[in-house]
Amino acid sequence: MTAWRRPAWRWLPVSILTVLLLLPADARPQQRLDERLAPETVERLRGIAARAERAGVPPELLRRKAIEGVSKGVTGARLERALEDYARRLVAARELAGPDAGPDVLAAAAEATEAGVPPDRIRAFLRANPNPVRSTVGLRVLGDLQNLGVPPGEAARGVNAALDRGLRGERLLAVSAAVRRRVAVGEDPSAALRAEVDVGRAPADGRRPLDRPRRN
Amino acid sequence: MTMDPRLQAWLDGEVGFDDLPESLRAEASAWTGALDELRALPAVGAAPGGTQRIMQAIRADAAARPSPFDRLASGARWLARPRPIRVPPLAVAAALALVVWAGVRLAAGGPGDRGAAAEGRVYVQFVIAAPGARSVALAGDFNEWDPSIELSDPDMDGVWSGRVALEAGVHEYMFVIDGTEWRPDPNALSWTDDGFGRRNSLVAVGPLDET
């Protein structure tokens with residue numbers, strides 16, 4: 001009872017409650033990893049993230065992918081393989097995107113690489129579109145168009161033209177969806193893209209439309 | 001009880017005793033007796049200087065009463081003056097918890113936080129048809145893939161929906177049916193390989209000033 005009367009002890013419940021409250025904000029996803037994975041798997045995943053970090057990949061991206069896998073019920077060797085593969089693609093994307101690219105751009109560049117967009121096209125696209133939000137969406141659309149069979153050069157011109165016409169966010173992503181619908185009914189992929197973004201037509205303000213750097 | 005107006009007129013001296021009807025004369029005589037008794041009481045006057053003393057007291061009281069400005073200044077002094085306050089640590093803990101909880105909610109801007117005015121975020125409506133489902137949740141890179149954002153089907157027609165505030169950029173997500181089945185959005189504009197044998201749906205959010 002005497003010890004309890006000391007001021008330091010009185011503040012113990014305050015400290016405990018505060019710590020408990022702060023924990024869920026950051027600790028819950030990590031807790032999911034620790035609960036569902038064997039300690040040695042966690043250790044190996046840390047190794048993958050550390051190696052990728054040395055190559056300039058934010059470990060946050062790999063941690064997020066690991067949490068996604070665990071949430072979906074993927075564990076053990078399968079999770080490790082997926083993480084290794086993702087880390088490899090991110091390292092390649094870092095080389096393409098340069099040291100200043102943020103995690104989202106890096107992830108989008110990795111997806112575009114996976115879709116088969118040539119590295120020089122990705123590099124040129126990122127140079128022309130330094131705004132991270134635009135380039136992130138644009139790279140996803142580039143990857144989609146590549147998958148749909150649009151030649152890389154035409155795909156890049158199409159996405160740049162769409163950006164020139166002010167298409168952003170969901171409206172930009174809708175370009176690849178519209179091309180997909182046209183291709184599904186037998187239209188030529190390049191013609192479908194041209195029809196959707198009207199490549200070559202000057203934008204309303206009379207600026208030169210294609211393949212020029214934009215100020216973001 | 002009301003007095004007969006004729007009796008009242010007699011009391012006021014407007015009519016004479018003889019003018020009263022016979023039926024009221026007994027009552028009038030009783031009033032005369034009562035008034036005589038009152039007149040027989042000794043006279044009581046104000047104490048010498050009493051009025052003056054009362055007025056002085058009133059003036060002194062008015063002068064001593066603080067003006068609104070004085071009251072304000074006094075309130076400010078009370079607030080500014082340090083004073084020991086006795087508060088149970090548990091109450092402090094509860095108050096701290098509330099502040100931290102509010103801070104975390106604001107800072108994280110939880111995408112599931114439908115009531116928050118999400119600054120720099122755009123509300124996106126997610127909809128999926130899942131007839132027969134007991135629950136449908138949303139998980140994505142915006143909530144650490146935690147299927148904690150529950151969609152609702154208020155009219156029980158099998159179409160589940162929910163609104164989530166998202167930051168600008170591309171987001172990957174999936175629906176989780178009945179807590180176990182991960183399902184891509186068939187109405188998404190695009191999908192991507194999730195690396196685990198499934199497809200994540202994509203949603204793109206443009207910056208607020210550009211959408």
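**View 1. The largest nonpolar core of the predicted model has 80 residues.** A nonpolar core here is a set of buried Ala, Val, Leu, Ile, Met, Phe, Trp, Tyr and Cys residues joined through C-beta atoms within 7 Å. Buried means that 20 or more other C-beta atoms lie within 10 Å of a residue's own, while 12 or fewer makes it exposed and anything in between partly exposed, with C-beta atoms placed from the backbone. The residues with the most contacts inside this core are A:Leu62, A:Leu90, A:Leu106, A:Ala109, A:Leu142 and B:Leu138. H6(A) gives the most to the core, with eight residues. This is a predicted model, in which local features need pLDDT of at least 70 and side-chain atom pairs count only at pLDDT 80 or more, whereas totals for chains, interfaces and linings use all residues. As for labels, residues are numbered from 1 along each chain as its sequence is written, with chains lettered from A and ligands numbered from 1 in the order in which they are written.

**View 2. Here's helix H6 of chain A, residues 76–97.** Helices (H or I, at least four residues) and strands (E, at least two) are DSSP runs, numbered from the N terminus. Among the buried residues of H6(A) are A:Leu79, A:Leu83, A:Tyr86, A:Arg89 and A:Leu90. Their cover includes helices H4 (39–54), H5 (59–71), H7 (103–115) and H8 (119–128) of chain A. Just past the end of H6(A), A:Gly98 takes a positive phi of about 85°.

**View 3. Now for strand E2 of chain B, residues 136–140.** Five of its five residues are buried, so E2(B) is largely enclosed by the rest of the structure. In a regular strand the side chains alternate between the two faces of the sheet. On one side of E2(B) sit B:Val136, B:Leu138 and B:Gly140, on the other B:Ala137 and B:Ala139, and both faces are covered. Two strands pair if DSSP finds at least two bridges between them. E2(B) runs antiparallel to E5(B), with five bridges, and B:Ala137 has B:Val176 as its bridge partner there. Two bridges also join E2(B) to E3(B) (residues 149–150), again antiparallel, and in E3(B) B:Leu138 partners B:Ile149. Contacts (C-beta atoms, placed from the backbone, within 7 Å) of B:Leu138 beyond its neighbours within four places in sequence include B:Phe126, B:Leu151, B:Val164 and B:Phe175.

**View 4. This is where chain B touches chain A.** The contact takes 33 residues from chain B and 37 residues from chain A. On the chain B side, helix H5 (89–108) and strands E5 (169–177), E7 (190–193) and E8 (199–205) each give two or more residues. H5(B) gives the most, with ten residues. The model scores ipTM 0.77 and pTM 0.64.

**View 5. Helix H2 of chain B covers residues 22–40.** H2(B) has 19 residues and reaches 28 Å from its first C-alpha to its last, close to the 27 Å expected. The number of buried residues in H2(B) is zero, so the helix lies largely in the open.

**View 6. In chain B, pLDDT stays under 50 over residues 109–118.** pLDDT is the predictor's confidence in each residue, from 0 to 100. For this stretch the model has 20 contacts beyond four places in sequence. The mean pLDDT of chain B is 84, and 88% of its residues reach 70 or more.

Conventions. The expected span of a helix is 1.5 Å times one less than its number of residues. Two residues are in contact if their C-beta atoms, placed from the backbone, lie within 7 Å.
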